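User: I would like to go through this model with you, starting with confidence and then moving on to the fold. Please keep the answers plain.

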Amino acid sequence: MSVNPNEKPEPGDERAERPEPAGKPVAGAAPGVPEVSEARPAAGPAEPEARPSEGAESAPEGAVPSPGAGAGAGAAPDGRRRLADALWPPRITRAQLIVALLLACLGFGLAIQVSSTSEGSALRGARQEDLVRILDELDDRTQRLEDEKTRLEKQRSELESSSDQAEEARRQTAEKERQLGILAGTVAAEGPGITLTVSDPVGAVESDMLLDAIQELRAAGAEAIQVDGVRVVANSYFTGGGDDMRIDGTQVTAPYVFKVIGKPEDLEPALNIPGGVVQTLEKEQATATVERSAKIVVDALRPAKRPDYARSSSP
């Protein structure tokens, strides 16, 4: 009986299930023909792989199961166990520790910057009307500087084109002396301005609050300032507070009356900006009232002092 190598073995056929031992002669072989060992498969086309459905129906006995078969039940616990072993106990290297320290410092610095930015900006919560007023004040300051520049250029042109340059120089020198006298407090002055009255019923106003008011007024274009009969100039200083407030060593008492010469439209808004002088005084239970006037008289004078060391360098 001849065996077709491409023919599938029938179930129960022992010849398909158990190979005959090697060296056994094939039945019906011709005499004198050498025996063919069945250890080597006969040459011929390879047997096609069985389809999954056919393999599931007729799997040969003694077949070795695939390594992936049945691994689904134990693969997940093994994966979780390996993940847990990799994460715990933690293994921290020096490089990871340095990176963590740098990230912590960076986060701390960003937090401080955001906090200082949000708290330091007094105009963040300001109304639109207040912002417009502040911008107008800045425009006014710019305009004043431009006017001063134009005036100085005009004086220079007059000196260069005047026929009597000596007389023109004397006239400008006298005008400059009068202006410097107003700034130094040696001569009286009058003009439009405001009157600022600060009431302190609980004695909570300190010297730095009055100094802030002076600085705001100067920044807004104040040309002459007088507080309770004391002329405030560039080298004035404030000390004490409450019942012992002093300006240049002279004691002043509440209510503190500021007489300021300047443009009222610039001076009053400078005191009422958000977080400015008026709001700061109100937080201390003090009151500040501003009154505009077409004529303010600053008549408190300071004696002209000759400097001890400084001398004019002009010939």
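User: Where in the chain is confidence lowest, and where is it highest?
Analyst: This is a predicted model, and its mean pLDDT is lowest in helix H2 (residues 52-57), at 44. Confidence is highest in strand E7 (residues 256-261), with a mean of 95.

User: And what is the mean pLDDT of the chain?
Analyst: The mean is 76, and 70% of the residues reach 70 or more.

User: Over which residues does pLDDT stay under 50?
Analyst: Residues 41-48 form one such stretch, and the model gives them one contact beyond four places in sequence. Residues 66-73 form another, with zero contacts beyond four places in sequence. Where pLDDT is low, the predicted coordinates should not be read in detail.

User: Let us turn to the sheets. What is the strand order in the sheet of five strands?
Analyst: The order is E3-E2-E7-E1-E8, in an open sheet with antiparallel pairing. E3 and E8 each have a single partner strand and stand at the edges, so one side of each lacks a neighbour in the sheet. On average, neighbouring strands are turned by 25° against each other, direction ignored.

User: Which helix packs on that sheet, touching E1, E2, E3 and E7?
Analyst: That is H7, whose direction makes about 15° with that of E7.

User: How many bridges does E1 make with E8, and how many with E7?
Analyst: E1 pairs with strand E8 (residues 287-298) over 10 bridges, in the antiparallel sense. With E7, E1 has six bridges, also antiparallel.

User: How many bridges join E4 to E5?
Analyst: Four bridges join E4 to strand E5 (residues 244-247), and the two run antiparallel. Within this pairing, Gly240 has Met245 of E5 as its bridge partner.

User: Now the backbone. Which residues does a cis peptide bond join?
Analyst: A cis peptide bond joins Ala254 and Pro255, with omega at about 0°. Pro255 lies in the loop between E6 and E7.

User: Which residue other than glycine has a positive phi, and where does that residue lie?
Analyst: Asp228 has a phi near 50°, a positive value in a residue other than glycine. Asp228 is in the loop between E2 and E3.

User: Last topic, the second largest pocket. What is its volume, and which residues lie nearest its centre?
Analyst: The second largest pocket has a volume of about 1300 Å³. Its lining has 41 residues, with Gln179, Ile182, Leu183, Ala222 and Glu223 lying nearest the centre.

User: Which elements give two or more residues to that lining?
Analyst: They are helix H5 (128-161), helix H6 (165-184), strand E1 (189-199), helix H7 (207-219), strand E2 (224-227) and strand E3 (230-232). H5 gives the largest share, eight residues.

User: How does the lining of this pocket divide into nonpolar, polar and charged residues?
Analyst: The lining of the second largest pocket has 18 nonpolar, seven polar and 16 charged residues.

Technical notes. Residues are numbered from 1 along each chain as its sequence is written. This is a predicted model: local features need pLDDT of at least 70, side-chain atom pairs count only at pLDDT 80 or more; totals for chains, interfaces and linings use all residues. Side-chain values use heavy atoms; hydrogens and water are left out. On a 1 Å grid over the protein atoms alone, a cavity is a set of points where a 1.4 Å probe fits but cannot get out, and a pocket is an open set with protein on both sides within 12 Å along at least five of seven lines; lining residues have an atom within 4 Å of a point. Grid points are joined across faces, edges and corners, and a volume is the space filled by probe spheres set on the points. Ala, Val, Leu, Ile, Met, Phe, Trp, Tyr, Cys and Pro count as nonpolar, Asp, Glu, Lys and Arg as charged, and the others, Gly among them, as polar. Two strands pair if DSSP finds at least two bridges between them. pLDDT is the predictor's confidence in each residue, from 0 to 100. Contact means heavy atoms within 4.5 Å. Axes are lines fitted to C-alpha atoms, for helices over the stretch in contact, and angles run from 0 to 180 degrees between N-to-C directions.
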